[in-house]
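Dear colleague,

I am handing over the structure below, and after it you will find my notes on what was found in it. Please read them with the coordinates open beside you.

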Amino acid sequence: MIRAQAWWELRALLRNGEQLLVTFLLPILALVVLLEFTALNIGSPRTTVALAGCLAMGVIAAAFTSQAIMIAFDRRWGVLRMLSTTPLGPRGLLWGKAIAVVVLLALQITLLLLVATWRGAWQPPPMASMITAIVVIGLGALSFVACAMALGGTLRAEAVLAFANIAFVLMVSAGGVLLPLGDSLGAVLMRYTPWGALGEGLREALLGNIPVVEMVVQAAWALVLGMVAMRVFRWRS
């Protein structure tokens, strides 16, 4: 059931032009702009930081913004009401959406790496760094899908549309996603948010470090948000 739901979710995502714009085009444009302004040599730390920020941006766009909006409108149009008659349940829906997002992220990451290679700003890091980055992305995807389910499964569709887009802009621009956080107290606290841990964790991973704290923070948020989503999610408007 989960596999079938994941396949259905993936096809729905790939057919939605508006969500593809947010998921694919915006991170690619951000990467091109950042690489143009940095104009640094291949494999330089600042170029790697730019790529990590755009990857984190893509994770949030795919796992949170698009999913929250899709869930809210599916709920209003009665799609979730029909799914509620199946044995899938909220847990199966969560895992189905998470798997679909991971597949979508694989496509998105491939495109971003191709663009970075085309711009002469990418060289494969050590295998350990790649594995760590994949773990960070997987934990981030699960956290943000759970958050999307909690949001889209409770609020009205119009409210979710506004909130998800505003939250995306704030997280990317000022939440430590696209650019590194500073050393202020607010920046330190931001590292313990799902978006801050995702951005900082990806930067550390691609720079060759193991972001143990960020991964623990992400795992904790994934667990908490998953439990919240299971509790507050409603199939009907």
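Helices here are DSSP runs of type H or I with at least four residues, numbered from the N terminus. Leu 161, for instance, has its place in helix H7. Please keep in mind throughout that this is a predicted model.

To begin with helix H7, this element runs over residues 157-174, and its 18 residues reach 25 Å from the first C-alpha to the last, which is close to the 26 Å expected at 1.5 Å a residue. The buried residues in H7 are Ala 157, Val 160, Ala 164, Ala 167, Phe 168, Met 171 and Val 172. Because these residues cover an arc of only 120° around the axis, they are placed on the same side of H7. The face turned away from that buried side carries the exposed residues Ile 166, Val 169, Leu 170, Ser 173 and Ala 174. As for Leu 161, its relative accessibility is 30%, so this residue counts as partly exposed, given that the partly exposed class lies between under 20% for buried and over 50% for exposed. Leu 161 is also 8.2 Å from Ala 72 in space, C-alpha to C-alpha, although the two are 89 residues apart in sequence. Just after H7, Gly 176 takes a positive phi of about 80°.

Helix H1 can be described along similar lines. Which residues of H1 are buried? They are Gln 5, Ala 6, Glu 9, Leu 10 and Leu 13. They cover an arc of only 135° around the axis and therefore sit on the same side of H1. On the face turned away from the buried side, H1 carries the exposed residues Ala 4 and Trp 7. Ala 4 has a relative accessible area of 53%, which means that it is exposed, and its C-alpha lies 7.8 Å from that of Gly 96, a residue 92 positions away in sequence.

Helix H1 also holds Ile 2, which at 34% relative accessibility counts as partly exposed. Together with Trp 95, Ile 99 and Val 103, Ile 2 forms a nonpolar patch on the surface, and the accessible area of these residues together is about 320 Å². Helix H5 (residues 89-118) gives the most to this patch, with 3 residues.

Turning finally to the aromatic side chains, the structure holds 2 aromatic pairs. One of them is formed by Phe 73 and Trp 77 and is tilted, with 5.4 Å centre to centre and 50° between the planes. Both residues lie in helix H3 (residues 45-77), where they are 4 residues apart, or about one turn of the helix.

With best regards

Note on methods
Residues numbered from 1 in each chain as written. Predicted model: local features only at pLDDT ≥ 70, side-chain atom pairs only at ≥ 80, totals over all residues. Heavy atoms only, no water. Buried < 20%, exposed > 50% of the residue type's maximum accessible area, 1.4 Å probe, protein only. Helix = DSSP H or I, 4+ residues; strand = E, 2+ residues; numbered from the N terminus. Arc of directions from axis to C-beta. Patch = residues over 30% accessible without salt bridge, like charges linked within 9 Å, V, L, I, M, F, W, Y side chains within 5 Å. Areas by Shrake-Rupley, 256 points an atom, 1.4 Å probe, with all protein chains shown as cover. Salt bridge = Lys/Arg side-chain N within 4 Å of Asp/Glu carboxyl O. Expected span 1.5 Å × (residues − 1). Phe/Tyr/Trp six-rings, centres within 6.5 Å; stacked < 30°, edge-to-face > 60°.
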